[in-house]
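Dear colleague,

Please find the structure below, handed over for your study. My notes on it follow directly after.

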Amino acid sequence: MAEHVILFGGPMGAGKTTAIETLSETEVVRTEAANTDRETADKDTTTVALDYGEITLGDTDKVRLYGIPGQQRFDFMWSILKERAKGMVLLVNNDAADPVGEMLAFLDEFRDLYDRGGVVVAATRSDVSATPTVADYSAALTERRPDLVVPVFTVDPREEDQMRTVLMTLVANIEMREMFLTSTASQPTSAAAR
Amino acid sequence: MSVAPHLDPVVVDLGREALLAMGDVSRSLVYASFLTDDGFEVVHVPDGKVDANRFASMASSIQALSEAVAREVRIGSSEYVIIASQKGHVIQLRVPGHPVVLGALFDDDETLGKALSVARRCAQQLAASLADRPAAQPDAPADQQAVPAY
């Protein structure tokens, strides 16, 4: 059975905890505290350490889902959790002040996860704010990071089908990259030299 | 609109008073801080020993994780967090009845039991001081009320 550790990252209020609760087949471990920073996100609670859930995809893939705190002041948790991770679902809140900028900032912060496995962007609350569009996110990614291939979706984190699609896309990307790296590594040196 | 503890000057002053009183009775206290549940520092003493914001964030995460573990294994609510190391220990506990946590770093000059005892007393002192605050005036505008509704 293959195992994947996937992070759910992104700014405060993007829907990370909700997404994990939607996906997880086990009771989610939550570490929420009363939110005193209502200017950043107008919600009652915020994750201060991690969320944890599990899901099995197909017959063989067990995926451990870790939600990280969205605020920079908890970046030590980012470092701890990304050590074991293979990929990240990067959630951004479409009605935030600068969702594209936040996406790029998180992508920079978690660049090593992209290198190790993959990243998928999932924009939430597009029903509240129609822009930026998927094309806007993709254009910004292409301009700033032409070397990266990052799928972009709009999602409702409460919708299981949508979140499963996002997660399966990420897992498929990770597994394809692993296969590619394995096959590249097994090529004879002389072939590589040609 | 309620006032967050770290933005309330009265809470900051009462917290500093409680921390200084703890330092007076414990020679092994190196650093102590009150912080909000979500990791904002309310007040700390003394200055310069520790990165105050980082300590508050880490203490918040540790507190939440300890409470998650206690929930998971069904042992009731978490009372203390103790990190015991070669050259000292960190003790954390909640201020009863408030969304505020005490985090205190002690060296190894005194026993863990003494550190626990003074930390507990400190948290209780802040809780008592907050309870003794004058009641809010019902007709006063929210931003002038004496007792925040956090």
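In chain B, 36% of the 150 residues are buried (a residue is buried if 20 or more other C-beta atoms, placed from the backbone, lie within 10 Å of its own). Please note that this is a predicted model, in which local features need pLDDT of at least 70 and side-chain atom pairs count only at pLDDT 80 or more, while totals for chains, interfaces and linings use all residues. Residues are numbered from 1 along each chain as its sequence is written, and chains are lettered from A and ligands numbered from 1 in the order in which they are written.

Chain B contains 3 helices and 5 strands (DSSP runs numbered from the N terminus: helices are H or I with at least four residues, strands are E with at least two). Along the sequence, their pattern is α-β-β-α-β-β-β-α.

Where chains A and B meet, chain B supplies 17 residues and chain A supplies 15 residues (two residues are in contact if their C-beta atoms, placed from the backbone, lie within 7 Å). On the side of chain B that touches chain A, helix H2 (residues 52-72) of chain B gives the most, with 9 residues.

Within chain A, helix H1 (residues 16-23) and helix H6 (residues 160-185) have axes 9 Å apart and pack at an angle of about 95 degrees (axes are lines fitted to C-alpha atoms, for helices over the stretch in contact, and angles run from 0 to 180 degrees between N-to-C directions). H1(A) and H6(A) are therefore roughly perpendicular (65 to 115 degrees). In this packing, A:Ala19, A:Thr22 and A:Leu23 of H1(A) meet A:Glu160, A:Met163, A:Arg164 and A:Leu167 of H6(A).

How values were computed: Parallel < 35°, antiparallel > 145°, perpendicular 65-115°, else oblique. Buried ≥ 20, exposed ≤ 12 C-beta atoms within 10 Å, placed from the backbone.
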